[in-house]
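Q: I want to learn to read a multi-chain model feature by feature. Can we start with the strands?

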Amino acid sequence: MYLYILKRVLSTIPVVVIVVLFVFLMLRLAPGDPAAVIAGDYATAEDVERIREQLGLNDAIPVQMYRWIAQLGSGDLGTAIFSKLPVTTLIGQRLEPTLLLSLTTIVFTVLIAVPLGTLAAYKAGSWIDRFVMLFSVAGFSVPVFVLGYILIYVLAMQLQILPVQGYKSPFEHGFWVFLRHMVLPTMTLSVIYIALIARMTRASVQEILQEDYVRTARAKGQSEFKILMRHALRNAAVPIVTVIGLGIALMIGGVVVTESVYNIPGLGRLVLDAVLARDYPVIQGLILFFSFVYILINLLIDLSYTFFDPRIRY
Amino acid sequence: MTDHAQDAIMADAVLSEHEDPSLLAGMLNNRAIFWGGGLLILFALIAAIGPFLTLDPTELNPIKRLKSPSAEAWFGSDFLGRDIFSRVIYGARVSLVVGIAVALISVGIGLILGLVAGYVRVLDAVIMRTMDGLMSIPAILLAIALISLSGATLGTVILAIVIPEVPRVVRLVRAVVLTVREEPYVEAAIAAGTRLPLILKRHILPNTIAPLIVQATYVCASAMLTESILGFLGAGIPPEIPSWGNIMSEGRTYFQISPWIIFFPGIGLALTVLAVNIVGDGLRDTLDPRIARKI
Amino acid sequence: MNEISDTPVLEIKGLSVLLPDGADREFAIEEVSFSIGRSEIVCIVGESGSGKSVTAFTVMGLIPKKDLVPVAGEILLHGENLLGKSDRQMRRLRGEKMGMVFQEPMTALNPVIKVGDQIAEILEIHANMSASARKKRVIETMEDVSLPEPVKMYNSYPHQLSGGQRQRIMIAMALVLEPGLLIADEPTTALDVTTQAEVLELIRDIQARHGTGVMFITHDFGVVADIADRVVVMQNGKVVEQGTRDEILSAPSHPYTKMLIGSVPSLTPPVRPIPEIAETALEAKALNKTYGRVGFFEKGRLVKAAQNVELILRRGETLGVVGESGSGKSTVARCVVRLIDPTSGDINVAGTNIAQMAESELRAYRQKIQIVFQDPYRSLNPRRTVGQSIVEGPMNFGLSGTEAQSRAENLMRIVGLAPEALTRFPHQFSGGQRQRICIARALAMEPRVLIADEAVSALDVSVQAQVLRLLQDVRERYDLAMLFITHDLRVAAQICDRIMVMQRGVVVEEGRTSEVYANPQHPYTRSLLNAAPGRETNFAR
């Protein structure tokens, strides 16, 4: 098992290297003059030169590479062009809402999607199965922000049962106020994620119900419900947690949109602000940050296989 | 990331192959393909012909700002008095062009890289680690960064959406290749002295076609969504072009008074993506009867 | 447990099960009647599609209700009709009154649950016992099926056990509540021959001690000879004949039974002329194949699949390579065809060493060695006509389309198929026909060496006999050298001039077939021959 853990941890190294290298090359290999694009249409030649200097594009590539790696190695994700603040500081300021939104979304998603997918697999061909499949196709088709605005329109503007926008920290305003403000963003962000996980759970459980050992359990006289709980779900755990991890990438994209729809001052808004301000170092720092988070989460999920599957443990 | 489960499922999709003469009939009999495909053809016709029949989608009309939907302007007008109906019709064109272009390009690149990774052992690790790295970068952020570096044009937007879509295709093709190359009939062809290009053409490539068609529809759907999100965030196609994302982006400020500015293009987008996804599911079910039979 | 002695454990009367619309026949099984008494082992024998498994699963109530519907007859378990019982009542009977053992012990056990807990599950369902009492009972049962160190093994997972141990776990599971009826569906088919012998021995022993009635499904008459009290022969869903073991095996009356039993290859090699010393077609010297890498993480993970294998194969002779799974026999076959690269050693074909040859040079030699694989369903590209598959090779070597076509037509006749069938697709043929097509494909290359890698192992016994005859026939007709890989000692006895026995990558014995069978030298060869099912029975010819 320790060998598996060690191998798995080491195998993230090339992935991290690729990400770092890719982000480095992106700025250097972009067609045209990135400094000019970042500076915008009304910039003077001096403005462009100043930005180029700030991005460190005037040195030789190996020098830039060395500086880039040394900088990342010391935990520095770069400095914003306009505010001159380190990107890590900006991330620190905006982390809380995004983190909490992601947590509520994952909890909500797993609580809804896994039982729904299991039920659909168990009752294959029934109306509930059709409903789950229909929901998942629809969930993959509605853009996150349109869904957000529909929810705002119906639940906040017409029925007025929930606040329209905004974020209230649980540490300042208390848990219930926080939760009331989180309901709509969480629902918005969850839909596509629920669609993904319910679909995958359904497929995995359905496949496992065809396995020989399920037939063995029936031959023992076990009831269908216990077969589902004890035999099917336990074996479906690995594919399900895998998709939960892969779905994080989907969620990170959704966070940017959801935060801008609901005016939540989190990392997603930071991305958008940086785009509007053409502050490339912030965008770049956030890309690295989100990618590292994604790699870390998926590493943890792979390590969790040792808990679910004895074939890896021994 | 290791996701053997996913690879196995992908590979599974390949191994149920019976050259069924009634395949085309089966496809037309499939309700999903029939309705989804029909809807899609309708949207394609609207996108192709519609803009010739409607008003100029960029024509300003300061007197008719933010009008509600009416007989005169079916979908109302925006803050510059432009006709939303005309703009939504034109937006269909942008969405479909982006979706189809991204699907074709990423499937093309992914097919080549996947074949190389599956067949050239030396390059396998390099390609797959690169794909793992690319997959770790959230697609929308990657696209935003690429566009903010190289400027927003239709071309760069398409390219920026293609890059994060490629790894999925590569993994699919590689999984197919690795499964099929172990099949005894491929080994028999090797033993019969068939050269590699012919083995690929006769025995490997035909197995990739069905899963690639299905994958292409999913890529197309996801690309249309990404394009609209980029537009909505103001990081997509230049705002002069009335894409659905751009229309909705401009509607944000006025959402509380004129929600239709967002809803009409939103409905158009959702229906189009839904049609593509439904066709994808239908194709998967007919091209891969083994999974279909379970449903 | 006071059974009335003359009530059978199981009595099936006129049972018919309907197949869904669109199947190739109306009934899966039709008018099936037989009974199983206490302490009696009844073997249900038949080829694939005979309905023997449907019969077993119908009794257990494990058939998919939507697809297979029992429409007539009765299934009496201790005199109670099972048809018409509710799902709930059937669940109570399963496990308690009847247990089942399946073919594939690896997939029949849940990979993520401890084997002890999987046995205990059945007590949890049916018996009102405390957890500790359950565990005690499970360990007793594990002892009963001769599992080593049951206390320790209780906490093992299936992947940590050997195939034979897994099947013992399955048997323990089926018998822990001492049901009156045990249904065993090809329980030894997936096992190696020595393990098979042990498991058969166990079933017989346990059944005798507990007085269990056993329904034993098998396709193997060797197994029937070893274990059956009575035999039921099925064909196309109908019982064609039943009787005691000796009646059926030595004096069958139905023509189908006669044909089946006549097709069982004898363990005694026929007298063969000693072939004259012909030219060497294939030679392997000090052939090694090692899997796994010596890397930072992989130390100790090397598998020596073949070690210093030496073989000489001359024109006009058949060399058999026999061994159990993991013996390395298929590795040798795949190395000499160069589907895998040997780690070291020489492979001489037509006087040239091709062991390490690059693919570009190798092509010229590929023509000289051809191979026929085990699985007829995966050996032909389903998207290409069989004609396209057959002409592919010759056309690679410069034959024109029309020449290749006429060669293919000729070969189709030789393997006993109509030349017109060349335009059809593989799924339009049966397994035996596909294997004939594969042989034609190999012959189309006009090879000197033909390798048959378990080429008849997936076939029913009657089809197997025909394909064996075909292989023998083409070997003589084209003066081929044949390397015949098999796990089946009966088949090897009939077709091989010489035999090599492999164990864990090493050749332990080699010699003329008749000598090896009559006077095996190596203990492993002896144990293989002793384990061959039905070795003491003379099947009616």
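A: Start with what pairing means. Two strands pair if DSSP finds at least two bridges between them. Strands themselves are DSSP runs of E with at least two residues, helices are runs of H or I with at least four residues, and both are numbered from the N terminus. Now the case: strand S11 (residues 280-291) and strand S14 (residues 344-349) of chain C run antiparallel and are joined by five bridges. Within this part of the model, Asn288(C) stands opposite Ser344(C) in S14(C).

Q: What should I know about the numbering and the model itself?

A: This is a predicted model, where local features need pLDDT of at least 70 and side-chain atom pairs count only at pLDDT 80 or more, while totals for chains, interfaces and linings use all residues. Residues are numbered from 1 along each chain as its sequence is written, and chains are lettered from A and ligands numbered from 1 in the order in which they are written.

Q: Which strand order does the open sheet of chain C have?

A: The order is S12-S11-S14-S15, four strands with antiparallel pairing. At the edges are strand S12 (303-314) and strand S15 (352-353) of chain C, each pairing on one side only.

Q: Which helix lies across S11, S12 and S14 of chain C?

A: Angles need a convention. Axes are lines fitted to C-alpha atoms, for helices over the stretch in contact, and angles run from 0 to 180 degrees between N-to-C directions. Contact means that the C-beta atoms of two residues, placed from the backbone, lie within 7 Å. Here the helix is H12 (residues 329-336) of chain C, running at about 120° to S11(C).

Q: How is chain C divided into domains?

A: Domain bounds come from an automatic or database domain assignment. Chain C has domain 1 (8-262) and domain 2 (280-293 + 300-368 + 447-531). Their centres, taken over C-alpha atoms, are separated by 36 Å. The contact takes 10 residues from domain 1 of chain C and nine residues from domain 2 of chain C. On the domain 1 side, helix H8 (193-210) and helix H11 (255-263) of chain C are the elements that give two or more residues. H8(C) gives the most, with four residues.

Q: How do I read an interface by residue class?

A: Sort the residues into classes. Ala, Val, Leu, Ile, Met, Phe, Trp, Tyr, Cys and Pro count as nonpolar, Asp, Glu, Lys and Arg as charged, and the others, Gly among them, as polar. Take chains B and A: 45 residues of chain B are in contact with 51 residues of chain A. The chain B side divides into 29 nonpolar, 11 polar and five charged residues. H6(B) gives the most to this side, with 10 residues.

Q: Is Gly116(C) buried or exposed?

A: Count neighbours. A residue is buried if 20 or more other C-beta atoms lie within 10 Å of its own, exposed if 12 or fewer, and partly exposed in between. Gly116(C) is buried because 23 other C-beta atoms lie within 10 Å. Its place is in helix H4 (residues 115-126) of chain C. Not counting residues up to four places away in sequence, Gly116(C) touches Val138(C), Tyr154(C) and Asn155(C).

Q: Which residues touch the most other members of the largest nonpolar core?

A: A nonpolar core is a set of buried Ala, Val, Leu, Ile, Met, Phe, Trp, Tyr and Cys residues joined through C-beta atoms within 7 Å. The largest one has 339 residues, and Ile144(B), Val42(C) and Met215(C) touch the most other members. The largest share of this core, 19 residues, comes from helix H11 (residues 224-261) of chain A. Beyond four places away in sequence, the residues that Met215(C) touches include Leu10(C), Ile36(C) and Val42(C).

Q: How many helices and strands does chain B have?

A: Chain B has 12 helices and zero strands. Of its 295 residues, 54% count as buried.
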